[in-house]
Amino acid sequence: MEVNRSNTKALIVIGGMILFAALSRLVPHWPNFTPIAAMALFGGAVVNDKRLAYLMPLTALVISDLALSFMFGYDFFSIGRIVIYSTFALITYMGVKMHSKVGVRPVVLKGFLASLIFFVVTNFFVWVSSGMYAHDAAGLMLCYEAAIPYFGNSLLGNAFYLAVLFGGYSAFRNLIPASIKA
């Protein structure tokens, strides 16, 4: 990647997004009401360098997980982290596939699917690995039922942050004259 003023500004914006997303997990907030999934979809759909698109949510997660493990003694090196990080990589991939079809309907649909995928995958992992639930269909349903409030927060968080990211990006692009965009 050739470094120029435009790239430098883009990297500053991306760095700011990563820092904001990491900090959003460290301050008091509703559980699962964070910008990570929205940033993953946005990065996949908008950022031209797809390596950066994948690094955006994963870097925010690593930074905040390291801080949380230091502050509260969370186990940073758990298999659960791999499951969570992989889920956000999948959500980024959904954004990459949306690249040429960015609009209100695809963003809303992918935002809902991102919440649903995160809910299904991470709670399945909790059911399999925690020992909190019986390893049968009833235990799995109980696990999912207990996580419904988190799913609602995830939906609200995705709706809010997707509106901010994609709406802000669209407004910014429309404000800049075409001659400057080129």
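Modeller: F151 lies in helix α7, where helices are DSSP runs of H or I of at least four residues, strands are E runs of at least two, and both are numbered from the N terminus. This is a predicted model, in which local features need pLDDT of at least 70 and side-chain atom pairs count only at pLDDT 80 or more, while totals for chains, interfaces and linings use all residues. Residues are numbered from 1 along each chain as its sequence is written, and side-chain values use heavy atoms, with hydrogens and water left out.

The relative accessibility of F151 is 17%, so it counts as buried; buried means under 20% relative accessible area, exposed over 50% and partly exposed in between, with a 1.4 Å probe and protein chains only. Leaving aside neighbours within four places in sequence, F151 contacts F112, S115, L116 and F119, a contact being heavy atoms within 4.5 Å. For S115, the C-alpha atom is 6.8 Å from that of F151, although the two are 36 residues apart in sequence.

Rings of Phe, Tyr and Trp (its six-membered ring) pair if their centres lie within 6.5 Å; planes under 30 degrees apart count as stacked, over 60 as edge-to-face and the rest as tilted. This rule gives 14 aromatic pairs. One of them joins F119 and F151, tilted, with 4.9 Å from centre to centre and 50° between the planes. Since F119 is in helix α5 and F151 in helix α7, the pair ties together parts 32 residues apart in sequence.

Now the cores. A nonpolar core is a set of buried Ala, Val, Leu, Ile, Met, Phe, Trp, Tyr and Cys residues joined through side-chain atoms within 4.5 Å. The largest has 33 residues, of which M39, M56, A60, F88, I91 and F166 touch the most other members. At least two residues of this core come from each of α1 (5-24), α2 (36-46), α3 (50-72), α4 (79-98), α5 (104-129) and α7 (148-175). The biggest contribution, 9 residues, is from α2. Another core, of 8 residues, lies apart from it and has W127, L140, A147 and F151 among its members.

Helix α2 is mostly covered, with 11 of its 11 residues buried; I36, A37 and A40 are among them. Those three residues, together with L61 and F118, are touched by F88, not counting residues up to four places away in sequence.

The loop between α1 and α2 holds T34. T34 counts as buried because its relative accessibility is 12%. Beyond four places in sequence, it touches S24, R25, H29, N158 and Y161. Y161 is also part of one aromatic cluster with F20, W30, F33 and F160. N32 lies in the loop between α1 and α2 as well. It has a positive phi of about 70° although it is not a glycine, and at 30% relative accessibility it counts as partly exposed.

On the surface, F70, M71, F72 and Y74 form a nonpolar patch with about 520 Å² of accessible area together. M71 is in helix α3 and is partly exposed, at 43% relative accessible area. Patches are made of residues with over 30% relative accessible area and no salt bridge, joining like charges within 9 Å and nonpolar side chains (Val, Leu, Ile, Met, Phe, Trp, Tyr) within 5 Å. A salt bridge is a side-chain nitrogen of Lys or Arg within 4 Å of a carboxyl oxygen of Asp or Glu. Accessible areas come from the Shrake-Rupley method with a 1.4 Å probe, and for residues only the protein chains shown count as cover.
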